[in-house]
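Here is a short briefing on a single structure. Have the sequence and the model open while reading.

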Amino acid sequence: MRWLHSFKGNSLKTWEEVVEKFLKKYFLESKIAEGKTTISLFHQFPDESLSEALERFRDLLRRTPTHGFSEPIQLNMFIDGLGPQTKQLLDASAGGK
């Protein structure tokens, strides 16, 4: 609260501005870099179901809110990290690749 009240009057006009300033202040660059690496190296564990892998991937994204990966890039990283059998199952249920 002390940090929030340190801003003058109406200098922060939107919630997005508050979030941006907060993350820049309290989320270290080294932590962001580490999180981005972890996200980009995602892979499904051998006995992990598709839904478990998806939940774990989403958790990685939540842990690094400033990762900067667009949704299409996130989708590609997730799919690329899936095991071969899960990819086949996913392709079959989608009617192709």
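Which residue forms a salt bridge with Arg56? The partner is Glu48, and the closest N and O atoms of the pair are 2.8 Å apart. A salt bridge here is a side-chain nitrogen of Lys or Arg within 4 Å of a carboxyl oxygen of Asp or Glu.

This is a predicted model, in which local features need pLDDT of at least 70, side-chain atom pairs count only at pLDDT 80 or more, and totals for chains, interfaces and linings use all residues. Residues are numbered from 1 along each chain as its sequence is written, and side-chain values use heavy atoms, with hydrogens and water left out.

**Terms for location**

- Buried means under 20% relative accessible area, exposed means over 50%, and partly exposed lies in between (1.4 Å probe, protein chains only).
- Helices (H or I, at least four residues) and strands (E, at least two) are DSSP runs, numbered from the N terminus.

**Salt bridges**

- The count comes to 5 salt bridges.
- Side chains of opposite charge can pair when their charged atoms come close.
- Arg56 counts as partly exposed, at 23%.
- Glu55 forms a salt bridge with Arg62, with the closest N and O atoms 2.9 Å apart.
- Salt bridges that share partners join Glu55, Asp59, Arg62 and Arg63 into one network.
- Glu55 is partly exposed, at 42% relative accessibility.
- Lys24 and Glu20 also meet in a salt bridge, at 3.2 Å from N to O.
- Both Lys24 and Glu20 lie in helix α2 (residues 15-26), 4 residues apart, about one turn of the helix.
- Lys24 is exposed, with a relative accessible area of 64%, whereas Glu20 is partly exposed at 43%.

**Nonpolar core**

- A nonpolar core is a set of buried Ala, Val, Leu, Ile, Met, Phe, Trp, Tyr and Cys residues joined through side-chain atoms within 4.5 Å.
- The largest such core has 10 residues: Ile39, Phe42, Ala53, Phe57, Leu60, Leu61, Phe69, Met77, Phe78 and Leu82.
- Two or more residues of this core come from each of α4 and α5 (71-80).
- The largest share, 4 residues, comes from α4.
- In soluble globular proteins, nonpolar side chains tend to be buried together.
- Phe42 touches Ala53, Arg56, Phe57, Leu60, Met77, Phe78 and Gly81, leaving aside residues up to four places away in sequence.
- Contact means heavy atoms within 4.5 Å.

**Largest pocket**

- A pocket is defined on a 1 Å grid over the protein atoms alone, as an open set of points where a 1.4 Å probe fits, with protein on both sides within 12 Å along at least five of seven lines.
- Lining residues have an atom within 4 Å of a point.
- The largest pocket holds about 160 Å³ of space, a volume being the space filled by probe spheres set on the points, with grid points joined across faces, edges and corners.
- Its lining is made of Phe27, Lys31, Glu34, Gly35, Thr38, Ile39, Leu60, Arg63 and Thr64.
- The largest share of the lining, 5 residues, comes from α3.
- By type, the lining divides into 3 nonpolar, 3 polar and 3 charged residues.
- Ala, Val, Leu, Ile, Met, Phe, Trp, Tyr, Cys and Pro count as nonpolar, Asp, Glu, Lys and Arg as charged, and the others, Gly among them, as polar.

**Loop residues**

- Thr64, one of the pocket-lining residues, lies in the loop between α4 and α5.
- Thr64 is buried because its relative accessible area is 4%.
- Beyond four places in sequence, Thr64 touches Phe27, Ile32, Gly35, Lys36 and Ile39.
- Leu12 is in the loop between α1 and α2 and counts as buried at 19% relative accessibility.
- Beyond four places in sequence, Leu12 touches Leu4, Phe7, Glu17, Val18 and Lys21.

- His5 sits in helix α1 (residues 2-5) and is exposed at 59%.
- His5 and Arg58 are 53 residues apart along the chain, and their C-alpha atoms are separated by 32 Å.
- Leu75 belongs to helix α5 and is partly exposed at 48%.
- Leu75 and Ile39 are 36 residues apart along the chain, with 11 Å between their C-alpha atoms.
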